[in-house]
Every structure is written in C-alpha cells, then in structure tokens.
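Here is a short briefing on one protein model. Keep the structure open as you read.

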Amino acid sequence: MIKVAIIGAENVGKSTLMNALIGGRVSEVENLPGTTKGVIRRRFGKLKISKGMKNPLGGADEFVLMDTAGLFDPEMELRGKVLSEEKFREIINEIVSADIIIHMVDATVGLHRGMEKIHHMLKFRYEKPIIVVINKIDLVPRERVEELREVIKKRLEQEPIALSLVTYEGFNELLERIAYMAQYV
C-alpha cells in the first residue's frame with residue numbers, strides 16, 4: 001500500500017484534488033479557509049489511468065490518499081499558522097508517514113514561505129518524493145503560471161505540474177507522475 005499526502009496552504013484545492021483522484025465527493029469542499037480540520041484518509045484502490053496512458057505499475061498497487069488541513073493562511077506570509085501547535089505537529093507527523101507527497105501551490109497566491117520550509121524539511125530531512133502542483137491555472141494568465149513555474153524551479157528545485165481541476169489540464173500528467181514515483185517507494 002502506498003500513502004499519498006496532499007499538502008498546501010489553506011484553500012489551495014487539496015480536497016478538490018482528492019475528490020478528483022477518487023472520482024467522487026469524499027472530502028468536504030468549500031471556498032472557506034479551514035474546511036478540512038485534520039487528515040482525511042481514503043483508500044484510492046488501484047491507480048486509475050486513462051485508456052491512452054500506460055500504467056507503469058500495472059495497476060497492482062493500492063493507494064491511500066490523505067487530504068490534510070491547510071497548514072498556513074495564504075494571506076499571512078511567515079507566521080500564518082492556522083492550527084494549534086499540537087494539531088500542526090500531528091498533521092506534520094501524518095505527512096511524514098506518507099510515501100509520496102503532493103505539494104499544491106495556488107496560482108492566484110503563489111508559493112507560501114511557510115510551505116517552502118515544510119517542503120525543504122520533507123525533501124531533505126525525511127527524503128520524501130514530492131510532486132509540486134500549481135493549481136487553479138484557469139484563474140490566472142499564462143504569464144503568471146510561467147512566472148510561478150520559474151519561482152518554484154528556483155526555490156524548490158523542482159519542475160511543477162500546472163493543473164486546473166476545472167478543465168483537468170495537467171491531470172493526466174499528475175497521474176503519470178504519481179505512478180512513476182510509486183515504482184520507487
């Protein structure tokens with residue numbers, strides 16, 4: 001079984017992504033910060049790959065998705081923690097237990113410094129494979145997506161996936177990246 005944690009600041013689209021991956025409504029979705037209060041786990045089953053894609057796993061491995069509470073308020077750059085210290089640590093421990101992490105960045109807000117620090121901790125201290133996703137690309141001009149892509153490449157040293165959970169642009173690329181990383185965990 002492979003555990004995949006979805007992380008990010010508040011209102012970045014974590015619950016919407018979990019619902020899209022599962023193919024149903026399992027996580028509550030609201031346009032309000034703090035809708036998800038902790039960690040929601042759902043068995044994903046076999047990775048669903050569209051007919052045009054080759055599944056590198058052969059569909060054998062089962063996945064558990066973890067939708068986490070927003071760790072920071074996107075309006076507050078550094079000290080924007082929205083959870084109690086105890087709840088924050090509890091969620092970080094859950095994230096550290098994951099095999100693969102999807103770090104979501106809101107295209108309308110940008111990369112949060114607090115999330116950047118957590119990203120580096122997960123990547124270097126815990127050696128977690130991380131997929132960076134720029135979500136909500138349908139809400140900003142293409143130039144903004146490219147600017148954010150360059151910021152992420154520089155500050156996180158990763159090539160992000162541009163994603164819209166409205167048009168599903170980038171969704172197959174995300175599925176492929178999850179399947180690719182799952183081969184090595």
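Helix H1 is mostly covered, with eight of its nine residues buried. Buried means under 20% relative accessible area; exposed means over 50%, and partly exposed lies in between (1.4 Å probe, protein chains only). This is a predicted model, in which local features need pLDDT of at least 70, side-chain atom pairs count only at pLDDT 80 or more, and totals for chains, interfaces and linings use all residues. Residues are numbered from 1 along each chain as its sequence is written, and side-chain values use heavy atoms, leaving out hydrogens and water.

**Helix H1**

- The buried residues of H1 are Lys14, Ser15, Leu17, Met18, Asn19, Ala20, Leu21 and Ile22.
- Gly23 follows H1, and its phi is positive, near 85°.
- Helices (H or I, at least four residues) and strands (E, at least two) are DSSP runs, numbered from the N terminus.

**H1 against H5**

- H1 (residues 14-22) packs with helix H5 (residues 171-182) at an angle of about 80°, and their axes are 12 Å apart.
- Axes are lines fitted to C-alpha atoms, for helices over the stretch in contact, and angles run from 0 to 180 degrees between N-to-C directions.
- H1 and H5 are therefore roughly perpendicular to each other (65 to 115 degrees; under 35 is roughly parallel, over 145 roughly antiparallel, the rest oblique).
- Leu17, Ala20 and Leu21 of H1 meet Phe171, Leu174, Leu175 and Ile178 of H5; contact means heavy atoms within 4.5 Å.
- Seven residues of this contact are nonpolar, none is polar and none is charged.
- Nonpolar covers Ala, Val, Leu, Ile, Met, Phe, Trp, Tyr, Cys and Pro; Asp, Glu, Lys and Arg are charged, and the others, Gly among them, are polar.

**The cores**

- The largest nonpolar core has 30 residues, and Ile7, Leu71, Ile95, Ile101, Ile118 and Leu122 have the most contacts inside it.
- Such a core is a set of buried Ala, Val, Leu, Ile, Met, Phe, Trp, Tyr and Cys residues joined through side-chain atoms within 4.5 Å.
- H2 gives the most to this core: five residues.
- A second, separate core has 25 residues, including Leu175 and Ile178.

**His103**

- His103 lies in strand S4.
- His103 is buried, with a relative accessible area of 1%.
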